[in-house]
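This report covers strand pairing, aromatic contacts and salt bridges. The sequence and the structure come first.

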Amino acid sequence: VQTLETHNDGPQTFALTQALHSYFAVQDVAQVRVTGLAGLHYADKLQGTTGTVQQGDFHLDATCDRIYHHCVANAPQHYALHDSLLQRRIHIRSQGSHSVVVWNPGAELARSMVDVPDAAWRDFLCVEVANAGQDVVLLAPGGLHRLTQTLAVEPALA
């Protein structure tokens, strides 16, 4: 369990965006899928589009930088990253989250990044519980907001 707690000790309401930047190691990012996103609207930061609806499970086919928006803000959410090559499923449960970010730089962007070796983009997928993009939390004076994720790993069923 990981929780990011934000307190507003100031005299004015402020807008808060945040994310727990989880990089999940995978055997081959092109072979994984993420469940729990079907039916959610997303903003694609690379394509400059908003309002696209995820059809079925998420599969990476290229560089990806998407913000998925929940229908019910702050409701507990559950996603699962399925890695059949490593024969495991990673469950990601969130609370206090209005959105989830799915990110991978892909081959071209990875070549321009100092902290990601050229071929390493195939070895991970970011699934980040968040309050990002249009999903801003307004925190009143004296207010408190908790963003929590709970991770669990289980063997994938054969």
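A residue counts as buried under 20% relative accessible area, as exposed over 50% and as partly exposed in between, with a 1.4 Å probe and protein chains only. By that rule Trp-103 is buried at 14% relative accessibility, whereas Tyr-23 is partly exposed at 49%.

This is a predicted model: local features need pLDDT of at least 70, side-chain atom pairs count only at pLDDT 80 or more, and totals for chains, interfaces and linings use all residues. Residues are numbered from 1 along each chain as its sequence is written, and side-chain values use heavy atoms, with hydrogens and water left out.

**Sheet.** Helices (H or I, at least four residues) and strands (E, at least two) are DSSP runs numbered from the N terminus; two strands pair if DSSP finds at least two bridges between them. An open sheet of 5 strands runs in the order S1-S14-S10-S9-S5, with antiparallel pairing. Its edge strands, each pairing on one side only, are S1 (2-7) and S5 (32-35). Within the sheet, strand S9 (residues 77-83) pairs with strand S10 (residues 88-95) in the antiparallel sense over 7 bridges. Leu-81 stands opposite Ile-90 in S10.

**Aromatic pairs.** Rings of Phe, Tyr and Trp (its six-membered ring) pair if their centres lie within 6.5 Å; planes under 30 degrees apart are stacked, over 60 edge-to-face and the rest tilted. The count comes to 4 aromatic pairs. Tyr-23 and Trp-103 form an edge-to-face pair, 6.0 Å centre to centre with 65° between the planes. This pair links distant parts of the chain, 80 residues apart: Tyr-23 is in strand S4 (residues 23-25) and Trp-103 in strand S11 (residues 99-104). Ring pairs link Tyr-23, Trp-103 and Phe-124 into a cluster.

**Salt bridges.** A salt bridge is a side-chain nitrogen of Lys or Arg within 4 Å of a carboxyl oxygen of Asp or Glu. The whole structure holds 6 salt bridges, including those tabulated here.

| Pair | N to O distance |
|---|---|
| Arg-66 and Asp-44 | 3.7 Å |
| Lys-45 and Asp-65 | 3.9 Å |
| Arg-89 and Glu-154 | 2.6 Å |

Arg-89 in strand S10 and Glu-154 in strand S14 (residues 144-155) are 65 residues apart, and their pair links distant parts of the chain. Arg-89 is buried at 17% relative accessible area, while Glu-154 is partly exposed at 29%. Arg-66 is buried at 16%, and Asp-44 is buried at 11%. Lys-45 is exposed at 54% relative accessibility, whereas Asp-65 is buried at 15%.
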